[in-house]
Amino acid sequence: MALRVEQDIFVVRQRGREVAAAVGLERQDQVRIATALSEVARDLLRAVGGADVVFAVVAGPVDGRRHLLVDLAPAAPLPGGRYEPESGAVARLVDTLGVLTVQGDTVVRMSRRVPATARALTPERLVELRAQLGESALGTVEEELATQNSQLINALDEVRSQRDELARLNEELEQTNRGVMALYQQLTDELEATNRGVVALYAELDEKSAQLRAASESKTRFLANVSHELRAPVTAVIGLARLLADSASDPLTAEQERQVGLIRSSASDLLTLVNELLDLAKAESGRIEPEWAEVDLRAVFGQLRGTLRALPAAGEVGLVVEEPATPATVRSDEVLLAQVLRNLLHNGLKFTSRGEVRLRAERHGDRWRLAVSDTGPGIPPELHDRVFEEFYQAPGPARVGGTGLGLPYARRLVTLLGGTLELASEPGRGSTFTVWLPADGT
């Protein structure tokens, strides 16, 4: 097509809309490319006296999608070899708009992508379209203006509908924002209230912890003071009972000897209780400091084997202290470790009526396992934790004397030595107390 006079602008616009419709562009895109084409045609008519217009359909070099191209070859050279549309909105109506050289000629090219759903443009289809366009009658200027006005009205109506929809969406968004802000404020208030509650709870817990620490310290001081004050008179009672029973003193009757023996036995039991209370108080106050050294378990086991065989219960129950395999050294405190094992063996002999009490030591990697097992009545699983409570003794078929302080004290000593004390027991199947100690003391 040739663009030379003002009327040609309307013809070019009409043909552009018809070509866009023929190749399958949607209605809105038809209006866009026709509008862009009329604006560019008007600019070129005023600037260089017109142009030659060519419509073409090509496949894109990258995506292979079809594009409708409109090339306007200016009738005279463009000023400065450049083209800038008078209206900046023109470039937004099409996919591309610019100046380029085609076969040595400078053209202003615009393009719009053809939808993938459009009918395929075979060579036969293109021939048919060219024939239809050639036969179509061109409308008058008034008709094109009427069409343009109709398109403008439709566009304005669409814009108004979009504006109304946008206003509705903005109102909904504003309501949503108000709801979100209200919810956020509610959550913030609840969170602040929760935080205040948590802070108050922590403050109360800190206060209770301080009270518990104070109560524990008071109990420890009380035990230490009472034990210390009781030790002297109890020791004196034992000494006096020993003097009364001494052969160098005045002879006693049989009844007097029996009563003095009861006094001496009761005082000895009381002294044992006092000593255990004092040891427990020292352990709780942290005043026991282990003296770390390389301890030979064979020597410790030998000492325990010799001292515990003299116990009355040991004559009826077999005491087996297995010799540990060499090397049998552990970094620990020999006195405290022996005290723990002596306590566990003594408990086993005290609560076992027949069978044996056995002590064995095994090395497991970087730890030692020292196990004291017996064939006594056993302890129910629900009482495993309670036997380590102070002054508690597990119920059994026969009440055995004791204070209930030995196991709590033993566990505290094992903890000081960097280990753990565990219990495995079932009713009727005996008990096994296991001491786990690090071989290097750490």
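Is glutamate 389 buried, partly exposed or exposed? Select glutamate 389 and the label is partly exposed, at a relative accessible area of 36%. In this tour, buried means under 20% relative accessible area, exposed means over 50%, and partly exposed lies in between, with a 1.4 Å probe and protein chains only.

The model is predicted: local features need pLDDT of at least 70, side-chain atom pairs count only at pLDDT 80 or more, and totals for chains, interfaces and linings use all residues. Residues are numbered from 1 along each chain as its sequence is written, and side-chain values use heavy atoms, with hydrogens and water left out.

**Stop 1**

A salt bridge here is a side-chain nitrogen of Lys or Arg within 4 Å of a carboxyl oxygen of Asp or Glu. Arginine 386 is also partly exposed, at 37% relative accessibility.

**Stop 2: other salt bridges**

The structure holds 23 salt bridges. Select arginine 4 and aspartate 52, whose side chains meet in one of them at 3.0 Å, N to O. Arginine 4 sits in the loop between strand 1 (2-3) and helix 1 (6-23), and aspartate 52 sits in strand 2 (residues 51-59), so the pair ties together parts that are 48 residues apart in sequence. Helices (H or I, at least four residues) and strands (E, at least two) are DSSP runs, numbered from the N terminus. Arginine 4 is partly exposed at 40%, and aspartate 52 is partly exposed at 36%.

Next, go to helix 4 (residues 141-245) and select arginine 168 and glutamate 172, which lie 4 residues apart, about one turn of the helix. Their salt bridge has its closest N and O atoms at 2.4 Å. Both ends are partly exposed: arginine 168 has a relative accessible area of 37%, and glutamate 172 has 36%.

Then select Asp29, Arg32, Asp95 and Arg112 together; salt bridges link them in a network.

**Stop 3**

Two strands pair if DSSP finds at least two bridges between them.

Valine 99 stands opposite valine 108 in strand 5.

Contact means heavy atoms within 4.5 Å. Axes are lines fitted to C-alpha atoms, for helices over the stretch in contact, and angles run from 0 to 180 degrees between N-to-C directions.

**Stop 4**

Move to the open sheet of 5 strands with the order 7-9-10-12-11 and mixed pairing. Strand 7 (318-321) and strand 11 (420-425) stand at the edges with a single partner strand each, so one side of each has no neighbour in the sheet. Neighbouring strands are turned by 15° against each other on average, direction ignored.

Select strand 7 and strand 9 (residues 356-364): they run parallel and are joined by 4 bridges. Leucine 319 stands opposite valine 357 in strand 9. Helix 6 (residues 297-308) lies across strand 7, strand 9 and strand 10 (367-374), at about 175° to strand 9.

**Stop 3: strand 12 and its partners**

Strand 12 (residues 431-438) is mostly covered, with 7 of its 8 residues buried. Strand 10 runs antiparallel to strand 12, with 8 bridges joining them; arginine 369 has tryptophan 436 in strand 12 as its bridge partner. Strand 11 is also antiparallel to strand 12, through 6 bridges, and alanine 424 stands opposite threonine 432. Strand 11 and strand 12 form a hairpin with 5 residues between them, where glycine 428 in the turn has a positive phi of about 80°.

Finish on serine 373, in strand 10. Serine 373 is buried, at 17% relative accessible area. Leaving aside residues up to four places away in sequence, serine 373 touches Glu356, Val357, Arg358, Arg360, Ser431 and Thr432.
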